[in-house]
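Student: I'd like to go through this one with you, step by step. Can we put it on the screen?

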Amino acid sequence: MSAAELELIHVSERDRIEQWRHEALERAGYDAEAAVVLAASHDIDLHDAVSLLERGCTVELALQILL
């Protein structure tokens with residue numbers, strides 16, 4: 001397998017992970033734009049992001065905490 005093929009696999013896997021994170025964040029209550037930003041931020045724990053909303057934070061406050 002060539003380096004280019006390996007890179008394509010890596011990008012595809014990253015895209016699938018970000019899509020899954022985006023969907024989970026929207027289900028939790030984040031708007032689409034905030035979900036895109038958080039989903040692409042791999043250093044932000046998905047469970048922490050969801051938990052903040054479950055514990056009563058507004059989306060705006062959760063974004064301030066996370067970002």
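Student: What pattern does the protein follow, read along the sequence?

Tutor: Before that, a word on the source: this is a predicted model, where local features need pLDDT of at least 70, side-chain atom pairs count only at pLDDT 80 or more, and totals for chains, interfaces and linings use all residues. Residues are numbered from 1 along each chain as its sequence is written, and side-chain values use heavy atoms, with hydrogens and water left out. Helices (DSSP runs of H or I, at least four residues) and strands (E, at least two) are numbered from the N terminus. There are four helices and zero strands here, and the pattern along the sequence is α-α-α-α.

Student: What share of the residues in the protein is buried?

Tutor: Buried means under 20% relative accessible area, exposed means over 50%, and partly exposed is in between, with a 1.4 Å probe and protein chains only. The protein has 67 residues, and the buried share of them is 30%.

Student: Of the contacts with a separation of 6 or more, what percentage is between residues 24 or more positions apart?

Tutor: A contact here means heavy atoms within 4.5 Å. Among contacts with a separation of 6 or more, the share from residues 24 or more positions apart is 39%.

Student: Let's zoom in on H22. Is it buried or exposed, and which residues does it touch?

Tutor: H22 sits in helix 1, which covers residues 3-28. Its relative accessibility is 15%, so H22 counts as buried. Leaving out residues up to four places away in sequence, H22 touches A32, A35, V36 and A39.

Student: A35 is on that list. How far is A35 from L63 in space, C-alpha to C-alpha?

Tutor: A35 belongs to helix 2, residues 32-40, and counts as buried because its relative accessibility is 0%. Its contacts, again without residues up to four places away in sequence, are H22, L25, E26 and Y30. A35 and L63 are 28 residues apart in sequence, while their C-alpha atoms are apart in space by 10.0 Å.

Student: What about A40, how far is its C-alpha from that of I17?

Tutor: A40 is in helix 2 as well. With a relative accessible area of 39%, A40 is partly exposed. Along the sequence A40 and I17 are 23 residues apart, and C-alpha to C-alpha they are apart by 9.1 Å.

Student: Now L53: which residues is it in contact with?

Tutor: L53 lies in helix 3, residues 46-54, and at 14% relative accessibility L53 counts as buried. The C-alpha atoms of L53 and G29 are separated by 7.2 Å, though the two are 24 residues apart along the chain. Setting aside neighbours within four places in sequence, L53 is in contact with A28, G29, Y30, T58, V59 and A62.

Student: How many salt bridges does the structure hold, and which residues meet there?

Tutor: A salt bridge is a side-chain nitrogen of Lys or Arg within 4 Å of a carboxyl oxygen of Asp or Glu. The structure holds one, at 2.6 Å from N to O. The residues are R16 and E13, and E13 counts as partly exposed, at 37% relative accessibility.

Student: Last one: where is E60, and how far is it from A34 in space?

Tutor: E60 is in helix 4, residues 59-66. Its relative accessible area is 53%, so E60 is exposed. E60 and A34 are 26 residues apart in sequence, but C-alpha to C-alpha they are apart in space by 9.1 Å.
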